[in-house]
There are 8 protein chains.
Amino acid sequence: MNTNPRVGIIMGSDSDLPIMKQAAEFLDSIHVTFEIDVVSAHRTPEKMMKYAQTAHERGLQVIIAGAGGAAHLPGMIASMTPLPVIGVPIKSSNSIDGWDSILSILQMPNGIPVATVALNAGKNAGILAARILGSSDKELFLVLAKYQNSLKEKVLKTGEKLKQVGYKDYKKS
Amino acid sequence: MNTNPRVGIIMGSDSDLPIMKQAAEFLDSIHVTFEIDVVSAHRTPEKMMKYAQTAHERGLQVIIAGAGGAAHLPGMIASMTPLPVIGVPIKSSNSIDGWDSILSILQMPNGIPVATVALNAGKNAGILAARILGSSDKELFLVLAKYQNSLKEKVLKTGEKLKQVGYKDYKKS
Amino acid sequence: MNTNPRVGIIMGSDSDLPIMKQAAEFLDSIHVTFEIDVVSAHRTPEKMMKYAQTAHERGLQVIIAGAGGAAHLPGMIASMTPLPVIGVPIKSSNSIDGWDSILSILQMPNGIPVATVALNAGKNAGILAARILGSSDKELFLVLAKYQNSLKEKVLKTGEKLKQVGYKDYKKS
Amino acid sequence: MNTNPRVGIIMGSDSDLPIMKQAAEFLDSIHVTFEIDVVSAHRTPEKMMKYAQTAHERGLQVIIAGAGGAAHLPGMIASMTPLPVIGVPIKSSNSIDGWDSILSILQMPNGIPVATVALNAGKNAGILAARILGSSDKELFLVLAKYQNSLKEKVLKTGEKLKQVGYKDYKKS
Amino acid sequence: MNTNPRVGIIMGSDSDLPIMKQAAEFLDSIHVTFEIDVVSAHRTPEKMMKYAQTAHERGLQVIIAGAGGAAHLPGMIASMTPLPVIGVPIKSSNSIDGWDSILSILQMPNGIPVATVALNAGKNAGILAARILGSSDKELFLVLAKYQNSLKEKVLKTGEKLKQVGYKDYKKS
Amino acid sequence: MNTNPRVGIIMGSDSDLPIMKQAAEFLDSIHVTFEIDVVSAHRTPEKMMKYAQTAHERGLQVIIAGAGGAAHLPGMIASMTPLPVIGVPIKSSNSIDGWDSILSILQMPNGIPVATVALNAGKNAGILAARILGSSDKELFLVLAKYQNSLKEKVLKTGEKLKQVGYKDYKKS
Amino acid sequence: MNTNPRVGIIMGSDSDLPIMKQAAEFLDSIHVTFEIDVVSAHRTPEKMMKYAQTAHERGLQVIIAGAGGAAHLPGMIASMTPLPVIGVPIKSSNSIDGWDSILSILQMPNGIPVATVALNAGKNAGILAARILGSSDKELFLVLAKYQNSLKEKVLKTGEKLKQVGYKDYKKS
Amino acid sequence: MNTNPRVGIIMGSDSDLPIMKQAAEFLDSIHVTFEIDVVSAHRTPEKMMKYAQTAHERGLQVIIAGAGGAAHLPGMIASMTPLPVIGVPIKSSNSIDGWDSILSILQMPNGIPVATVALNAGKNAGILAARILGSSDKELFLVLAKYQNSLKEKVLKTGEKLKQVGYKDYKKS
């Protein structure tokens with residue numbers, strides 16, 4: 001469905017999709033092309049290796065990889081491509097409060113960085129990918145500046161509303 | 001000394017320099033231009049705001065921000081520019097094993113991502129900045145591919161040496 | 001509704017209101033005037049800066065700031081005013097058991113303290129604000145002494161009731 | 001030596017003095033009067049109770065209490081006076097990385113807040129005490145504003161120096 | 001209802017009763033007399049002090065104290081009596097996974113021990129109190145030996161049942 | 001039901017069965033014989049000791065032991081047999097997020113290893129037991145290779161499906 | 001040297017002696033008889049079992065057991081005697097900040113309590129043992145009351161000294 | 001030097017050798033053949049893949065893999081061979097107290113177990129490898145039983161010595 005994808009979104013299991021689709025939705029909303037796939041470090045190591053090694057040739061500029069538990073996918077992808085890799089720690093069912101996933105992704109050794117975002121922060125991974133592309137794409141940069149401004153407007157409005165209706169009657173819309 | 005900087009390296013205090021200079025050294029080694037400064041979220045908030053808001057105009061494409069303890073610098077910078085911001089958690093003297101710094105940088109809310117690297121990983125921040133630039137700069141991409149290959153060669157050599165001299169006589173060079 | 005506010009209550013998002021309104025309710029109950037607003041460090045940095053810098057001129061004597069995750073609001077406010085700032089760590093939805101919020105607020109560097117209260121302790125933030133005002137306001141001091149006494153009375157009564165009805169039949173009222 | 005003390009500084013053991021004297025030194029530097037004593041919740045409970053109950057009568061407006069391990073002093077003091085109490089968690093010798101002290105001080109129940117500062121942050125406790133007094137003392141408020149400005153100047157200078165000498169030759173002064 | 005109580009069971013709030021009544025039920029089941037009360041370190045400090053100081057005179061031989069969050073009750077009681085004090089960490093509503101309560105009770109300084117049991121382990125506190133009494137009360141010792149044997153019998157039976165019905169059809173009774 | 005068991009599966013309590021039966025189910029699925037029992041380190045120490053000491057004589061080649069909280073069963077079994085022992089940390093009801101169980105099983109002293117698997121990973125314990133047997137049983141080795149391949153096939157299919165139906169319409173089957 | 005020991009002090013390894021001798025020294029100082037031995041749960045399980053099962057017959061009234069890492073000794077002893085068992089978590093060389101030892105000792109299941117003291121708190125274990133004996137030994141009770149009073153005197157003196165010499169010149173004696 | 005290796009020992013970096021050589025030394029001491037190499041998941045992914053995929057063909061029966069930080073080596077090896085894989089978490093220089101390494105190795109997803117040993121427990125990894133081989137190698141089993149007995153003898157001797165010389169004069173030999 002996506003042609004000429006600039007961003008690759010991969011996840012270790014389809015149970016990670018509810019988190020990872022937030023990245024897809026954000027990229028869709030600003031018309032950045034992407035591809036999306038399930039690639040497991042532990043169950044499909046050969047596919048993972050091929051995915052990483054051919055990513056650049058296929059035109060990808062950024063890769064977003066999400067995984068839970070002992071989350072090796074982002075780091076392994078980063079070890080096999082010089083593209084920037086964004087890691088999304090996912091709090092899976094038997095996770096220890098998400099610590100396992102965070103530390104497995106964040107604490108990469110010297111030489112092989114992974115750009116880690118917050119726990120379950122699929123949306124922020126999408127935004128970060130767009131920021132990376134936008135750093136050398138003026139049009140996209142302006143779209144992101146506009147998006148950032150829209151966040152501000154929304155918060156300013158809740159502040160106004162809170163002052164008007166008072167804290168006792170305020171209802172989150 | 002650096003002209004036309006593409007990367008901005010900032011830190012909350014000059015006591016962070018031993019970590020943050022590793023980013024500078026890496027960028028120097030691959031001839032990526034950068035600027036370096038001390039910008040404190042808590043002691044120079046106005047300078048910080050101006051730094052973030054003018055970063056793009058001054059030609060920066062990526063910002064690397066390092067800080068320790070309640071580390072607000074990376075997140076605050078990211079809140080005032082659409083450029084990609086890399087956060088380096090630093091284990092400062094009264095830090096609680098680095099947890100404070102990691103969580104203050106990593107756990108950003110939806111809308112404002114920070115690309116977090118490992119604790120004290122100044123070098124990886126430099127590499128990640130280069131990867132971001134390299135995602136739309138073919139020449140730089142090739143430099144990074146070559147760098148990644150050099151890491152491999154080094155490890156392969158230690159493996160060969162270990163087999164030759166045996167584990168009893170091996171000395172880390 | 002509040003005229004001449006002495007306390008400013010701010011929060012990073014309106015989803016923090018259920019916690020932060022506990023501060024408002026306590027201050028209301030002892031007739032301490034306050035204002036309440038949504039101010040986000042990451043989405044409305046300019047409003048935050050203006051809020052902090054003009055707080056004293058507008059007559060505020062204490063500021064209560066609540067936020068979750070990478071919670072930068074209390075510390076950033078404290079960096080731009082010499083007023084005492086009370087920080088309320090909030091356990092938001094993707095928080096890591098509240099640790100992120102606590103450490104982001106508590107572990108401020110030398111020079112810029114934040115008076116941190118317990119996780120989700122909106123009410124205690126209100127009481128602490130009143131104690132701060134009461135330290136140079138005799139009337140308020142007496143109100144607080146009376147409040148503290150009322151807590152004692154309530155606990156003494158539960159003790160009496162437990163002895164009377166016995167542990168098997170006791171029901172929390 | 002201090003007459004008419006406005007701040008009370010107490011600590012659970014004289015081994016806490018290296019941390020707690022930082023509060024004293026700051027208050028001395030801005031001419032805020034204080035008294036200093038060793039009061040142990042677990043070894044001198046009667047003295048502690050008397051200290052808290054008479055604090056207000058003796059003219060104290062703020063109390064700073066530091067302790068390590070299972071640190072009950074700040075919370076117990078706060079339970080017996082309506083004055084604002086600042087708690088300083090201290091990382092003592094057999095502490096578990098300071099977590100025990102932080103949580104024992106921070107996580108007070110509803111009704112009895114302790115204004116907790118960072119681990120070992122004796123200096124910040126002194127500054128917070130001054131901010132509390134300054135919230136209704138214009139002269140002191142101005143002193144604190146000036147102090148806050150001096151922090152800014154120092155950081156701005158390190159930034160200038162770093163730019164001038166370059167990161168390779170920079171030496172922390 | 002209990003005459004000549006040998007064990008005192010106290011808790012910081014009546015919301016701790018569901019946990020603390022497990023101690024009472026065990027003691028009832030083996031006919032050890034006890035008294036039960038609500039005593040809050042932070043809301044009724046004077047009652048707490050009196051409770052501890054008169055415990056021995058009133059014939060108590062062991063005190064069981066349960067509390068949550070910044071749990072000061074067990075340690076403060078232990079500081080005002082030479083009787084053995086058993087502490088029960090309770091995971092209260094805004095607790096940080098129980099860590100606050102555990103560390104506040106466990107990490108007592110040299111000189112003032114608290115016999116800490118597991119999180120929410122009201123029943124084990126009752127058993128430990130009985131073991132303490134039983135260490136110089138032969139009859140009670142035998143009762144406890146019998147109780148310990150009954151635990152064994154129960155587990156042996158579940159093992160037998162599991163072997164008989166097989167793991168597929170086993171249902172926990 | 002199982003004759004000539006090669007694997008022993010034991011657990012500290014029948015409440016651990018939902019986790020531990022996953023090991024049994026896996027072994028059943030590949031026709032590896034096993035026995036299953038409830039053996040509590042703390043309630044049936046004599047049975048535990050006998051179980052460990054006679055395991056080898058009865059023909060067992062691997063033991064899987066699961067327990068929660070202060071989980072002593074796997075380590076104690078390993079101390080009384082030279083057979084490989086697999087430990088399954090179980091997150092029981094009053095566990096502290098599973099940390100207690102993990103650390104009690106994992107952190108064995110030099111001389112007495114326990115092969116620890118992930119929290120609640122009963123199934124992985126079964127697979128690890130099979131791998132251990134398969135390391136000197138060619139037929140079983142091939143069965144495991146086939147199983148590992150089947151995992152790959154399943155993940156590859158979810159990837160294909162995701163690409164076909166798109167992330168918006170994908171439903172986990 | 002000790003005749004008719006009332007307290008048994010055991011430890012998992014002689015490397016625990018520096019901590020465990022503090023219990024011995026305290027008991028010696030108040031003339032409570034004890035025996036001391038090395039008993040390893042994992043290396044001498046049979047000795048451990050015999051030790052626990054015969055403790056009561058040999059006249060022991062309390063057992064103090066210290067161990068590090070996956071510390072099973074205190075809990076296993078408690079599972080084989082109805083005597084009160086005091087557990088001392090020891091921070092051994094490869095311990096994870098002592099968490100492993102604390103949780104392995106503290107988090108015992110229902111039915112088998114261990115009276116846990118603070119990390120490395122050998123001295124407090126000795127004091128707790130004495131308190132347990134003192135709960136039915138008036139003479140010993142008075143000795144402990146006197147000891148508790150001596151702690152108070154020492155702290156009161158440091159307070160006096162601090163006031164006299166001032167915080168600048170105070171030196172810990 | 002080793003011919004026909006039955007165990008493969010690999011590590012992510014030669015800085016892990018001081019820990020991993022303990023496995024080698026133990027295997028040497030009981031005449032179990034092994035090979036040893038440096039294989040980095042992140043720097044030599046192709047070598048790693050080849051190592052895992054050919055391990056069985058080359059006659060290996062068990063693989064021991066050690067790594068620090070975001071430690072992906074053990075899990076990735078386990079994903080590409082049905083042999084049993086033992087993981088050794090190593091506390092490297094910028095590790096967060098070893099938690100990162102432990103969780104990255106331990107928390108593997110269903111289907112791909114890693115037999116994890118304690119932090120820095122290179123020796124226990126060697127022993128576990130031997131136990132695995134010994135489970136179907138009677139001679140080796142007896143060697144391990146003898147080794148286990150020698151541990152007991154050593155501890156029994158330290159106990160005897162402690163009783164003889166007394167705790168005051170005991171010196172660890």
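1. A polar contact is a pair of N or O atoms within 3.5 Å; within protein, one must be able to donate a hydrogen and the other to accept it, and residues adjacent in sequence count only if both atoms are side-chain atoms. With that in hand, look at chains C and D: 23 residue pairs are in polar contact between them (both at pLDDT 80 or more).

2. A quick word on ground rules. This is a predicted model, where local features need pLDDT of at least 70 and side-chain atom pairs count only at pLDDT 80 or more, while totals for chains, interfaces and linings use all residues. Residues are numbered from 1 along each chain as its sequence is written, chains are lettered from A and ligands numbered from 1 in the order in which they are written, and side-chain values use heavy atoms, with hydrogens and water left out.

3. Back to chains C and D. Here 41 residues of chain C are in contact (heavy atoms within 4.5 Å) with 41 residues of chain D. The buried area, meaning the accessible area (1.4 Å probe) that two parts lose on being put together, summed over both, is about 3,600 Å² for this pair, and carbon and sulfur atoms give 63% of it. On the chain C side, C:P82, C:R131 and C:F141 supply 19% of the area that chain C buries against chain D, more than any other three residues.

4. How many salt bridges are there between chain C and chain D? The count is zero, where a salt bridge is a side-chain nitrogen of Lys or Arg within 4 Å of a carboxyl oxygen of Asp or Glu. By class, the side of chain C that touches chain D has 27 nonpolar, twelve polar and two charged residues.

5. Now for chains H and G. You'll find 17 residues of chain H in contact with 21 residues of chain G. The area buried between them is about 1,900 Å², with 64% from carbon and sulfur atoms. H:V155, H:L162 and H:Y167 supply 34% of what chain H buries against chain G, more than any other three residues.

6. Polar contacts between chain H and chain G come to five residue pairs (both at pLDDT 80 or more).

Key
Ala, Val, Leu, Ile, Met, Phe, Trp, Tyr, Cys and Pro count as nonpolar, Asp, Glu, Lys and Arg as charged, and the others, Gly among them, as polar.
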